[in-house]
Amino acid sequence: MKLLRYGPPKKEKPGLLAADGTIRDLSEVISDLSGDALLPESLDRLRRLDPATLPAVTGSPRIGPCVGSVGKFLCAGLNYSDHAAETGATVPKEPILFSKATSSVNGPNDDIVIPRGSSKTDWEVELGIVIGSPTKYVTEEQALSHVAGFCVVNDVSERAFQLEGTGQWLKGKSADTFGPIGPWLVTVDEAGAWDDLDLWLEVDGKRYQNGSTRTMVFGVPFLVSFISRFMSLQPGDVIATGTPPGVGMGQKPQKFLQAGNEVRLSVRGLGEQRAKVRAD
């Protein structure tokens, strides 16, 4: 299934993308695409629905973040071998974990807002994992059964805030609008092999990132299992799994986002984001 949320910010309704491309309203079945609605039994109930019996959504509504009420927004850094090489970093021996504030969550086509004082706002197309059931001390073999699905993530990052001061990466990752997710939450059964997905990102029509999850250092089952050793994961938590090469920081000379830019990005089978950039 391809699940989504549509409507004005903070008033989104849950929906399903039917095979004919129409959005079907799910608000009479679930209140939101969040929490318990992502449990395996809930997703099984949605699978049994006939989309043709659900109300069709008319017009062209705004598409919101594909998960509501995100509890944790976790990320794996330097998790692509070719991205680590472009930054001059050593491939980590274990996942580098950090988080983004959940207030950064943004719709896939909403504006990306450059924060005040920023000089190095950057882009990162990533495969996102959406947790679908309580997860603690799970093995790699168990991990995928705890995943509701996958989505596109743009891990927007302010490199000066992230790297040039003191403290952790959090402050360079967490500005409002720095966490676009969606357009769709694609369930595991529909997404296909997580380890063979193409990812790309363009700025103003120029392609900067063109990679594949094949070069991921730590795969999806390992990441879910590894993180669950240190904290429990709950339905609706999102994990961004790292980015392939081509970020602005890795360009020669470096290139960063400016007001007026348009950013497009996609992970194969998971939909496309298209966002304008503006200054705060």
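Analyst: One ground rule first: two strands count as paired if DSSP finds at least two bridges between them. Also keep in mind that this is a predicted model.

User: Okay, then what makes β10 and β13 a pair?

Analyst: Two bridges join β10 to β13 (residues 185–187). The rule asks for at least two, so they pair. The two strands run antiparallel, and glycine 149 has threonine 187 in β13 as its bridge partner.

User: And what makes β9 and β10 a pair?

Analyst: Same test. Seven bridges join these antiparallel strands, and at least two are needed, so the pairing stands. One point along it: glycine 128 is bridged to cysteine 151 in β10.

User: How do you know that β3 and β5 are edge strands?

Analyst: Look at the strand order. The open sheet has nine strands with mixed pairing, arranged β3-β2-β1-β13-β10-β9-β16-β4-β5. β3 (23–25) and β5 (96–99) each pair on one side only, which puts them at the edges. From one strand to the next, the twist averages 30 degrees.

User: What does β3 pair with, and over how many bridges?

Analyst: β3 pairs with β2 (residues 13–17), over three bridges in the antiparallel sense. Within that pairing, leucine 16 has arginine 24 of β3 as its partner.

User: Why is β10 called largely enclosed?

Analyst: Buried means under 20% relative accessible area. Eight of the eight residues of β10 are buried, so the rest of the structure largely encloses this strand. Take asparagine 154, which sits in β10: its relative accessibility is 1%, so against the 20% cut-off it is buried. Leaving out residues up to four places away in sequence, asparagine 154 touches a list that includes Trp123, Phe178, Leu201 and Gln273.

User: Now a residue in a loop. Is threonine 53 buried or exposed, and how do you know?

Analyst: Exposed means over 50%. Threonine 53 has 58% relative accessibility, so it counts as exposed. The residue sits in the loop between α1 (40–47) and β4.

User: Last one: how do you know that the overall size agrees with a compact globule?

Analyst: For 280 residues, such a globule would have a radius of gyration near 19 Å, and the protein has 18 Å, so the two agree. The C-alpha atoms fill a box of roughly 55 × 45 × 30 Å along the principal axes. Of the 280 residues, 56% count as buried. Of the contacts with a separation of 6 or more, 75% come from residues 24 or more positions apart.

Methods:
Residues numbered from 1 in each chain as written. Predicted model: local features only at pLDDT ≥ 70, side-chain atom pairs only at ≥ 80, totals over all residues. Heavy atoms only, no water. Helix = DSSP H or I, 4+ residues; strand = E, 2+ residues; numbered from the N terminus. Axes fitted to C-alpha atoms, helices over the stretch in contact; angles between N-to-C directions. Buried < 20%, exposed > 50% of the residue type's maximum accessible area, 1.4 Å probe, protein only. Contact = heavy atoms within 4.5 Å. Rg over C-alpha atoms; globule rule 2.2 N^0.38 Å.
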